[in-house]
Amino acid sequence: GVSKQREVYIMAANYLRTLDWRANPDCLKNILNFYTKAGAADSLAGFYLGCAQMEIDEYKAYDKALQAMQEAAKHLSRSRASDRETQIRVLEQHCDRIRRFNAAQGMLAADPAGGVTIYQQLLQEVPEQQVRLRARGSTCSRLHCRCWLNRYLIALLCCLSLMSCTLAQRLLRSRL
């Protein structure tokens, strides 16, 4: 009865995830409804995390990614997983990093040194195994849900150690 029905809802939602659900709002609505009807909080949280990743990777829409991650945290709180609290704490840390990343991006035009300071702090927080460069070269630094930093910042951080802050600020302004 209910057990099989739950599995069917999860299988249906999983199948719909393989389709182009971004182009079809009904498909997206059905994915959310099926996971909800199945009571699959973990699967729903995973879906929202996947959405967050897509927003970052494909659209560089960090605000939308943050919203999706917050939805994932909400559903994780309903999870029955034994490590639920740990997952929520890690996810909240990633949300905080994305908020700080967004703040740093906003600061670059008005206060380049302040923005770079935030970027440096973010880079220091990321374990070495979580940092990677993408082939396109426009972004770097994965923070589990991959809070991306602009490629030129890596070069800028090297410049900051070699140049005076004034010259580095001029370099930053010329790149913006």
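I begin with Ser79, which lies in the loop between H4 and H5; helices here are DSSP runs of H or I with at least four residues, and strands are runs of E with at least two, numbered from the N terminus. The model is a predicted one: local features need pLDDT of at least 70, side-chain atom pairs count only at pLDDT 80 or more, and totals for chains, interfaces and linings use all residues. Residues are numbered from 1 along each chain as its sequence is written, and side-chain values use heavy atoms, with hydrogens and water left out.

Ser79 is buried, at a relative accessible area of 5%, where buried means under 20%, exposed over 50% and partly exposed in between, for a 1.4 Å probe and protein chains only. Setting aside residues up to four places away in sequence, Ser79 touches Ala41, Asp42 and Arg84; contact means heavy atoms within 4.5 Å.

Ala41 is found in helix H3 and counts as buried at 14% relative accessibility. Beyond its neighbours within four places in sequence, Ala41 is in contact with His75, Arg78 and Ser79. Ala41 and Ser77 are 36 residues apart in sequence, yet their C-alpha atoms are 8.3 Å apart in space.

How does H3 pack with H2? Helix H2 (residues 25-38) and helix H3 (residues 41-59) pack at an angle of about 150°, with axes 8 Å apart. Axes are lines fitted to C-alpha atoms, for helices over the stretch in contact, and angles run from 0 to 180 degrees between N-to-C directions. The two helices are therefore roughly antiparallel, a term for angles over 145 degrees. On the H2 side, Leu28, Ile31, Leu32, Tyr35 and Thr36 meet Ser43, Leu44, Phe47 and Tyr48 in H3. The residues of this contact divide into seven nonpolar, two polar and no charged.

Now to the nonpolar core, a set of buried Ala, Val, Leu, Ile, Met, Phe, Trp, Tyr and Cys residues joined through side-chain atoms within 4.5 Å. The largest has 37 residues, and those with the most contacts inside it are Trp21, Ile31, Tyr35, Phe47, Met69, Leu91 and Ile98. The elements giving two or more residues to this core are helix H1 (2-17), H2, H3, helix H4 (62-76), helix H5 (84-107) and helix H6 (112-125).

Finally, Lys60 sits in the loop between H3 and H4. Lys60 has a positive phi of about 50°, although it is not a glycine, and is partly exposed at 37% relative accessible area.

Note on methods:
Parallel < 35°, antiparallel > 145°, perpendicular 65-115°, else oblique. Nonpolar A, V, L, I, M, F, W, Y, C, P; charged D, E, K, R; others polar.
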